[in-house]
Amino acid sequence: MIDVCTLTDREDLKTVVRLQRQIWGFEDVDLIPLRLFVVASKIGGQVFGAFDGQQMIGFCVAIPGLKAGGKTYLHSHMLGVLPEYRNAGVGRVLKLAQREDALGRGIQLMEWTFDPLELKNAFFNMERLGTIVRRYVPNQYGTSTSPLHGGLPTDRCIAEWWMASPRANAIASGRPFERGEVEERVAIPSDIAAIRSADPQHARAIQQTAGDKFRSAFDHGLAVIGFERSEQAGTYLLGKWESA
């Protein structure tokens, strides 16, 4: 059984720093330092750890943010799970712990960035949590040292999780939900990970084409409202979205 708890102890937070190396292979320059986790835990953010017995196998961290007009939200900056525990539902357990804590404090919106070429993450965000996307940011973090990024620019989609919306409530409780009419699609080859490793130039062309399509759709008032998977591609479904 996987247990999730709030992390405040410095030794636990040091373990989180070490997990970053194990999960992403970051060099020191790209590691989030201990002091940020300490600060996040003290200023209204979130630091959760997932444990299998005494072993920490995953974590997530969020920091508080402020929108124009004074609306508060949480920015979920990082979530990671050890490779041997992936596909075991650990990420979803961590996200639901974030949701429960946030809603308990009256916070209805959480945002985070994700790589649109990571199709498994896209499916998780859209179909297992109920996020939407209305923004695309080229090279958000600059080129990172993680081999998982393949040397490509860190183009990112911004996931918006309206945690009290009918869509999010339905998905959290396992009920069906209405997605809405699909007006456009953005498809990414299902073998994009292999392409990124073997032919980065081709992967970059796919990234740029997808980015152009996303930005055009968002400029016309569309949002990513769902995600479909097939053997050939992962496909982002875009349509109208009424904000929560």
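Let's start with a pair of charged side chains: E11 and K14 make a salt bridge, and their closest N and O atoms sit 3.4 Å apart. Keep in mind that this is a predicted model.

How many salt bridges turn up in a search of the whole structure? The search finds 12. Here are three of them, including the one we began with.

| Salt bridge | N to O distance |
|---|---|
| E11 and K14 | 3.4 Å |
| R105 and D101 | 2.8 Å |
| R134 and E160 | 2.7 Å |

Take R134 and E160. This pair ties together distant parts of the chain: R134 is in strand β6 (residues 132–137), E160 is in strand β7 (residues 156–162), and the two are 26 residues apart. Is each partner buried or exposed, or something in between? R134 has a relative accessible area of 32%, so it counts as partly exposed, since that class runs between 20% and 50%. E160 comes in at 4%, so it counts as buried, because buried means under 20%.

Some salt bridges also share partners, and in that way D115, E118, R156 and R196 are joined into one network.

Now back to R105 and D101. R105 is partly exposed, with a relative accessible area of 37%. D101 is partly exposed as well, at 29%.

**The largest pocket**

Next, the empty space. Rolling a probe the size of a water molecule over the atoms shows where empty space is left. The largest pocket holds about 1400 Å³ of it. Which residues come closest to the centre of this pocket? Out of 41 lining residues, they are W24, L79, G80, E118 and N121.

Helix α1 (10–24), strand β4 (72–81), helix α3 (90–104), strand β5 (109–114) and helix α4 (119–129) each give at least two residues to the lining.

How values were computed
Residues numbered from 1 in each chain as written. Predicted model: local features only at pLDDT ≥ 70, side-chain atom pairs only at ≥ 80, totals over all residues. Heavy atoms only, no water. 1 Å grid on protein atoms, 1.4 Å probe; cavity = no way out; pocket = protein on both sides within 12 Å on 5 of 7 lines; lining within 4 Å. Points joined across faces, edges and corners; volume = space filled by probe spheres on them. Helix = DSSP H or I, 4+ residues; strand = E, 2+ residues; numbered from the N terminus. Salt bridge = Lys/Arg side-chain N within 4 Å of Asp/Glu carboxyl O. Buried < 20%, exposed > 50% of the residue type's maximum accessible area, 1.4 Å probe, protein only.
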